[in-house]
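User: I have not looked at this one before. Can you walk me through the inside of it?
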Amino acid sequence: MSHDITPPPMPGFGPPMPPQPPKPPSGNRTNLIIIGCAVAVVASVIGTGIVVTNDGDGSASPAPTVTVTKTVAAEDADTTGDDGGEGTEDASEDASDTATDDDGVFALDDEVIYDSDVEVALSGFKRGVSSEYAVPESTPYVKFSIKITNGSDVTVDANEMTVNCAYGDQGKEGEAIYDDGLDGLPDTRILAGRSLTVPWACELPKDETFLQVEVSPDWDSEEAIFTGDVKK
């Protein structure tokens, strides 16, 4: 009699399991796409200076821009200013005789008045060189004051103002200078009937004289372009 025991056969394995179907997009990914679109819209609004409003029927339309209505030649313009930095030189603008309000181009010493009764004027042009701690550092610049006078009956946000500079015959961008006393736009509001003066500086190489400054007091207003020559 044999004592060998043959084990029973092992149960067989079934067919392989089918792969799981792909998961539908999660809610978080949809939210990211929506947020990205919203950021793109905001960036577009800021870049163009056009504010989009809702008409109440689900459609959106751009709000009208505030345009320049006239200019006033500045009298006794301050062309020296008070810079106080090292390596500064007195400078003044040579106002252009061709400044008009038809194409939005004005002389450096013009006073621009919008149809909202908000006024913009530049003054006190003076050359200098930024410090080693500035951004950008050790860069020749021209410093000036931007005065916003709010003659309207509503509040104006100073941090909505835009300032862009260019210089030379080729129209090279003049980078904004951030240094001691040059802190950029203030985070404040200009009440009706009040004014605010903001110090500003733009890159201007020592061998360049032509300066272009584009200023808009808020996002709803067109940019006024001030142009002229700054003495070396």
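Analyst: One thing first: this is a predicted model. Inside, the lining of the largest cavity has 7 nonpolar residues, 1 polar residue and no charged ones.

User: Which residues line the largest cavity?
Analyst: The lining consists of A176, I177, Y178, L182, G184, P199, W200 and A201. Gly counts as polar.

User: How much space is in the largest cavity?
Analyst: About 30 Å³.

User: And how many cavities of 30 Å³ or more are there?
Analyst: The count comes to 1.

User: Changing topic. How many aromatic pairs are in the whole structure?
Analyst: A search turns up 2. One of them joins F106 and F226, with 6.2 Å from centre to centre and 45 degrees between the planes, and is tilted.

User: Where do F106 and F226 lie?
Analyst: F106 is in strand β6 (residues 105-107) and F226 is in strand β16 (residues 224-230), so the pair ties together parts that are 120 residues apart in sequence.

User: Is F106 buried or exposed?
Analyst: F106 counts as buried because its relative accessibility is 1%, and buried means under 20%. F226 counts as buried too, at 0%.

User: What about F125 and F144, why is that pair stacked?
Analyst: The ring centres of F125 and F144 are 5.2 Å apart and the planes are at 25 degrees, so the pair is stacked. The pair links distant parts of the chain, with F125 in strand β8 (residues 118-129) and F144 in strand β9 (residues 140-150), 19 residues apart.

User: Are F125 and F144 buried or exposed?
Analyst: Both F125 and F144 are buried.

Note on methods: Residues numbered from 1 in each chain as written. Predicted model: local features only at pLDDT ≥ 70, side-chain atom pairs only at ≥ 80, totals over all residues. Heavy atoms only, no water. Phe/Tyr/Trp six-rings, centres within 6.5 Å; stacked < 30°, edge-to-face > 60°. Helix = DSSP H or I, 4+ residues; strand = E, 2+ residues; numbered from the N terminus. Buried < 20%, exposed > 50% of the residue type's maximum accessible area, 1.4 Å probe, protein only. 1 Å grid on protein atoms, 1.4 Å probe; cavity = no way out; pocket = protein on both sides within 12 Å on 5 of 7 lines; lining within 4 Å. Points joined across faces, edges and corners; volume = space filled by probe spheres on them.
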